[in-house]
Amino acid sequence: MINEQIRDREVRLIGENGEQLGVMSSREAMKLAQEAELDLVKIAPTAKPPVCKIIDYGKFKYEQTRRDKEAKKKQKTVELKEVRLSPNIEANDLNTKMTNARKFISKGNKVKITLRFRGREMAHMNQSRHILDDFAKALEDIAVVEKPSKLEGRSISMVLTEKR
């Protein structure tokens, strides 16, 4: 809230240089802000009494958006990458998939390993579960299993994340 929008009876006022001016009526605070040719801005609305500060509102908003942008820049978004396997995958293909998964995990992403079954492969689902276990064992130096292998329709999947 700013200037005339502040309807509280009493406010704790902070001056433009950060000094405490004490508790006073909002009209008096507004008068002081107008004399300084600045705005009266409510900083802490939940405090008793609410805390207001005499500042340049435009400058305040600009600095606030800059702080928010800076915080957003430092934030790392974690993506979920997927590696698809089939039950009759050859060793070289499996090593290639493991290399890709290792790359994804080292970049800080989560990896979902999906073992997809088609047609007659559905009859041998339990015999193929060891592929996922071997995959997790090969990557256990940099990854940890976040979600263990689980049957979902025509596929078995698990999620690996980076070790902390």
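Predicted model: local features only at pLDDT ≥ 70, side-chain atom pairs only at ≥ 80, totals over all residues.
In what order do the elements of the protein chain run from the N terminus on?

Figure 1. From the N terminus on, the order is β-β-α-β-β-α-β-α-β-α-β-β. That comes to four helices and eight strands. The radius of gyration of the protein chain is 30 Å, well over the 15 Å that the globule rule gives for 164 residues, so the chain is more spread out than a compact globule. Taken along the principal axes, the box filled by its C-alpha atoms is roughly 80 × 25 × 25 Å. Buried residues make up 31% of the 164. The accessible surface is about 11,600 Å², and carbon and sulfur atoms account for 47% of that area.

**Figure 2. An open sheet of four strands.** Which strands stand at the edges? They are β2 (20–25) and β3 (39–44), and each has a single partner strand, so one side of each is left without a neighbour in the sheet. On average, neighbouring strands here are turned by 35 degrees against each other, direction ignored.

**Figure 3. Strands β1 and β4, side by side.** Strand β1 covers residues 10–14 and strand β4 covers residues 51–55. The two run parallel and are joined by three bridges. To find your way in this view, look for Leu-13, which stands opposite Cys-52 in β4. As a reminder, strands of a sheet pair through backbone hydrogen bonds, either parallel or antiparallel.

**Figure 4. Strands β5 and β6 with the helix between them in the chain.** How many bridges pair β5 with β6? There are six, linking β5 (residues 80–85) and β6 (residues 110–116) in the parallel sense. Glu-82 is a handy landmark here, standing opposite Lys-112 in β6. To get from β5 to β6, the chain passes through helix α3 (residues 91–106), and this β-α-β crossover is right-handed.

Note on methods
Residues numbered from 1 in each chain as written. Heavy atoms only, no water. Pairing = 2+ DSSP bridges. Axes fitted to C-alpha atoms, helices over the stretch in contact; angles between N-to-C directions. Rg over C-alpha atoms; globule rule 2.2 N^0.38 Å. Buried < 20%, exposed > 50% of the residue type's maximum accessible area, 1.4 Å probe, protein only. Areas by Shrake-Rupley, 256 points an atom, 1.4 Å probe, with all protein chains shown as cover. Right-handed = clockwise from strand over helix to strand, strands pointing away.
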